[in-house]
Amino acid sequence: MPMTDSSEYENYLDLLQEIIDLQQADNITEALNLISANLAKHADKPELYLLTAVCSYRQNDVGQAIELCEKAHKIDPDNQEIVDSLAVLKTIIGQVNDGLYYAKLATTLMPHPDIPDLLPLEFSNFFHALSIAAPSRHFLDGLYLFNGRQFPDAVKEFEAELRINPDNAGALKKLGHAQLFVGKPGQALVNLSQYAKSAPDDAEVPALSAMAHCMLADFDSAAACCRNALEAAPQSVEILMHVLEAARYFDGELATFYDDVARTLNAVVADAATDCVPERNQASRNPDAPINIGMISNDLREGDQYAFLMALVENINPKKFKLTVYQQSPTGGPVFQEFKSKAANWRRIVDMDDDVLAMIIARQDTELLIDLCGFSSNSRAVVFAAKAAPVVTNLYCEPFGFQAPGTNVIISDAATLAADQQNIGDGQRIVVTEGGLFALRPLTLLGAVQPLPALENGHITFGVNCKPQHFSPGTVAYWSRVLQAVDGARLLMGNVANIPDDTAARIRSLFAASGVADRIDFLEATGIQDADKAFFNSIDIYLDSTPVNSTQTIAHALWMGVPAVSCTSGRRSGMIGASMLTSAGKPEWIGRDIDDAVRIATDLASDNDALARVRTSLREEIKSSALMDTRDHAIKMMAALEQAVA
């Protein structure tokens, strides 16, 4: 493509050759620097965009490489090298039909007249690309990151895949699913709805959409999605689990829906378990031998389960217990490795059939099987229902044993016992631990306690976890009444990494009827840590939700000198706060109902001097309380486990 000024064209060719030489030497950074310095001058020259595409490809950004080649193709549709590049790149990502089109087109065009080595070999060998054609690396990397629960990075990879392959329905569905985990339910609903157009019978889509609606506190829409999912796949254990993950947040008129689905799950699982009955050693056990305990988890990572479970695992007495951990999660991070180092035995059971797993557990003479999956996807409900061990209990996750397939022992403490007795099912019995249900290590990474914010702000700031799935009608009414009762008080929602605008708008709408929407503020966490110290340093009093309480967040608040007010409800998920506050030595912050919780919160807010004193002393009180005495907690929990198998 000659220029008017031949010397200018020669200079342009020299520039291209210099870039090519840098690329051939794998000096991609310098090549990009040289391109950037000259792109404005030669913005209408397709070769420069093509060479930029080569750099993008070598930096593993195939999507950007294709976009650049397509831009170059618009400038010069007759450039053979550009068309060759599109043939190769489209084929590599699996768009073989498009690749064939460009390959055929290239045969009708002439190569560049002045630069025979404009393209590297991998950009011009269509038949090699055809031989390695596979799903895009972005899609495969997205799946790997999703399975490893690295959801922010998975979102980026699925978005990159859809830029280059917008018809990849699988990537669209996974993107929607991953967006739930990064706190973007509105975007998730858009993508799941788009995917549903190509797969209207996929029951997982309404099930995932139900959770997205819960994350927007739209529980009526969530319930409708749950019903659609159950109608599409009424006998699927996986779909039932998805539905229960959403339905646990239902309250009021929708509260019975959860119980109905749990009964359905138990019936489906019981039927499946008839083909999964393991043979068990009939010999009587040696009373002096250690008790064989098995734990099955599908989420051995940072979070509530890790914090609470580690208090037991790291202090377990090997003379009394022989522990085997069954790894259901496909990958794991540092927490995974810590568990593995502390467990005497470790078995990977990913993709293992239920009947095989049940046989293995039984043949190891497992006496107590601890369910750490609960009502969550990728659970092992059939194995638990098959009674692979004589005693099955459920710790640290919903439903805490109640209505959980196979669970025949409920572990209670003094704070939960009365409610637990009201909810115990047929064939279940309660074992009461002398300590609390939860303990955890000191939270040293949260930093020093800061002065009471109210002293500087001139008003009380209540804080809540910005997780709208917890914002039941009762919770909204409770928090609204607190704001109405305390003049000038504000409600700070935070301790999460993402609060999209549509989520914030939805939250404000929930409080509009009570006239306090303008007193709500939002604070996004600055990192991906479990607790955001900036949030706790910005609030004076933490308010828990009901009927589903917070868990580890209560301990975080107490550690940061922040009183936590929890409101009990009639099921275990609404008694977590009571259990933790009892262990922390702060039962006076437990509300028996919403009226009582409002009274406690307003009483605390009425005296800044008292709050300031609490702020400075609370951490030391918590450090010396049962909530952080992990050794004593483990001793008492082990005694309860011994009683469970007695």
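View 1. Gln-403 counts as partly exposed, at 27% relative accessibility (buried means under 20% relative accessible area, exposed over 50%, partly exposed in between, with a 1.4 Å probe and protein chains only). The structure is a predicted model, in which local features need pLDDT of at least 70 and side-chain atom pairs count only at pLDDT 80 or more, while totals for chains, interfaces and linings use all residues. Residues are numbered from 1 along each chain as its sequence is written, and side-chain values use heavy atoms, with hydrogens and water left out. Gln-403 lies in the loop between β5 and β6 (helices, H or I of at least four residues, and strands, E of at least two, are DSSP runs numbered from the N terminus). The phi of Gln-403 is near 65 degrees, a positive value in a residue other than glycine. Pro-399 is also placed in the loop between β5 (391–394) and β6 (409–412). The peptide bond leading from Glu-398 to Pro-399 is cis, with omega near 10 degrees.

**View 2. Asp-365 in the loop between α18 and β4.** Asp-365 sits in the loop that runs between α18 (354–363) and β4 (368–371). Its phi, near 55 degrees, is a positive value in a residue other than glycine. With 33% relative accessibility, Asp-365 counts as partly exposed.

View 3. Pro-547 lies in the loop between β11 and α25, and a cis peptide bond with omega of about 5 degrees joins Thr-546 and Pro-547. The axes of α25 (residues 552–559) and α26 (residues 576–583) come within 9 Å and cross at roughly 35 degrees (axes are lines fitted to C-alpha atoms, for helices over the stretch in contact, and angles run from 0 to 180 degrees between N-to-C directions). The crossing of α25 past α26 is right-handed (the near helix is turned clockwise from the far one by less than a right angle). Ile-554, Ala-555 and Leu-558 of α25 meet Gly-577, Met-580 and Leu-581 of α26, where contact means heavy atoms within 4.5 Å.

View 4. The 13 residues of α10 (residues 169–181) should span 18 Å at 1.5 Å a residue, and the end C-alpha atoms are 19 Å apart, which agrees (the expected span is 1.5 Å times one less than the number of residues). Buried residues of α10 include Leu-172, Leu-175, His-177 and Gln-179. Among the elements that cover the buried residues of α10 are α8 (137–147), α9 (151–164) and α14 (237–247). At the start of α10, a side-chain oxygen of Asn-168 comes to within 3.2 Å of the backbone nitrogen of Gly-170. Just after α10, Gly-183 adopts a positive phi of about 75 degrees.

View 5. For the twelve residues of α27 (residues 594–605), the span should be 16 Å at 1.5 Å a residue; the end C-alpha atoms are 16 Å apart, in agreement. Asp-596, Val-598, Ile-600 and Leu-604 are among the buried residues of α27. The cover over these buried residues includes β8 (461–465), α22 (473–485) and α28 (608–623). A side-chain oxygen of Asp-593 reaches to within 3.2 Å of the backbone nitrogen of Asp-595 at the start of α27.

**View 6. Thr-91 in helix α5.** Thr-91 belongs to α5 (residues 80–92) and is buried, with a relative accessible area of 0%. A polar atom of the Thr-91 side chain lies 2.6 Å from the backbone oxygen of Ala-87.

Notes: Polar contact = N/O pair within 3.5 Å; in protein donor to acceptor, adjacent residues only side chain to side chain.
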